[in-house]
Amino acid sequence: MPTVGDAEHADSRRRVLNVLRERLRPVPLAEIAAAVDLHPNTVREHLEGLVAEGSVDTWHERSGARGRPRSLYRVTAAGALANDPGEDVSRLAGIVLEAFGQDESRARAATIAAGARWGEEFAATLAGIDAPIDRLVTALGAAGAEPSIRTQGADGLGCVHVARCPFRALAAVRPDVVCGIHAAAIERIANGPGREDVIASVRRATGREGGACMVDLERAGARAPAPASDVVTPARTRESGAGPEGPTPLPESS
């Protein structure tokens, strides 16, 4: 049975990881220790455990100065996405609750903004992964969505099958908000920081396909926009002149 000490240890480790999630850059030990108000030796122990589980990367800074080089730490894609499921559900639930009582255009604008922010956080952890489809599969895999590539072109675009939606229950309550958030986040992850040349189209999987949904990645302007009721596509909605209204709910597929 877990003890109070076990709970405190787990909470401290979660706080250390959260500091790195917030920074999204290499951070020295002293800065992390100051942020969580723990002794550096305690923080070093937590960091070693996080490195061992793949949530954090570490390396020695090469400054050219004399003395022992300091260690830097940065959250990995797995560490950025492998939140306590309750934290992600609570975050989404809060956005869903905010959407109630808002008119449709305001709710959609909030959806686009929330999803884009979420996607930017994850995209910043995927440095070194260049192909959009590889970035997306890495992120979705770390989130427990069980993605698999169905088709892939030489340009790093293609189709991804998502077998599992971790937020299916919330999506049943407000699909326009939950699915819209994920459509916007997926597009930001596929593009990467500062890029806008990839469009992500998300639709529910058919009975034959199985799973939760399908994601198509295309180059912006590669084909004419589909009707808004066909797919959730944040960028396509912007191109259509709808501005900040954002994506429409995912349609049912037969």
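## Exercises on helix packing and exposure

The axes of helix α7 (residues 132-142) and α9 come within 7 Å and cross at roughly 130°, where axes are lines fitted to C-alpha atoms, for helices over the stretch in contact, and angles run from 0 to 180 degrees between N-to-C directions. This is a predicted model, in which local features need pLDDT of at least 70 and side-chain atom pairs count only at pLDDT 80 or more, while totals for chains, interfaces and linings use all residues. Residues are numbered from 1 along each chain as its sequence is written, and side-chain values use heavy atoms, with hydrogens and water left out.

**Exercise 1. How many helices and strands are in the chain, and what share of its residues counts as buried?**

Step 1. Helices (H or I, at least four residues) and strands (E, at least two) are DSSP runs, numbered from the N terminus, and the chain has 10 helices and 7 strands.

Step 2. Buried means under 20% relative accessible area, exposed over 50%, and partly exposed in between (1.4 Å probe, protein chains only); of the 254 residues of the chain, 41% count as buried.

Step 3. Contact means heavy atoms within 4.5 Å, and among the contacts in the chain with a separation of 6 or more, 58% come from residues 24 or more positions apart.

**Exercise 2. Which residues of α7 and α9 meet, and what is the handedness of the crossing?**

Step 1. Angles under 35 degrees count as roughly parallel, over 145 as roughly antiparallel, 65 to 115 as roughly perpendicular and the rest as oblique; α7 and α9 are therefore oblique to each other.

Step 2. A crossing is left-handed if the near helix is turned anticlockwise from the far one by less than a right angle, and right-handed if clockwise, and α7 passes α9 in a right-handed crossing.

Step 3. On the α7 side Pro132, Arg135, Leu136 and Ala139 take part, and they meet Ile186, Ile189, Ala190 and Asn191 in α9.

Step 4. The residues of this contact of α7 with α9 divide into 6 nonpolar, 1 polar and 1 charged, where Ala, Val, Leu, Ile, Met, Phe, Trp, Tyr, Cys and Pro count as nonpolar, Asp, Glu, Lys and Arg as charged, and the others, Gly among them, as polar.

**Exercise 3. At what angle do α2 and α3 pack, and which residues meet there?**

Step 1. Helices α2 and α3 pack at an angle of about 105°, with their axes 9 Å apart, and that makes α2 roughly perpendicular to α3.

Step 2. Leu29, Ile32, Ala33 and Val36 in α2 meet Pro40, Val43, Arg44 and Leu47 in α3, and by class this contact has 7 nonpolar, no polar and 1 charged residues.

Step 3. In the loop between α2 (29-36) and α3 (40-52) sits aspartate 37, whose phi is near 60°, a positive value in a residue other than glycine.

Step 4. Aspartate 37 is exposed, with a relative accessible area of 67%.

**Exercise 4. Where does glutamate 45 lie, and which residues is it in contact with, leaving aside its neighbours within four places in sequence?**

Step 1. Glutamate 45 is placed in helix α3 and is partly exposed, with a relative accessible area of 44%.

Step 2. Leaving aside its neighbours within four places in sequence, glutamate 45 is in contact with His9 and Arg13.

Step 3. Glutamate 45 and arginine 13 are 32 residues apart in sequence and 9.0 Å apart in space, C-alpha to C-alpha.
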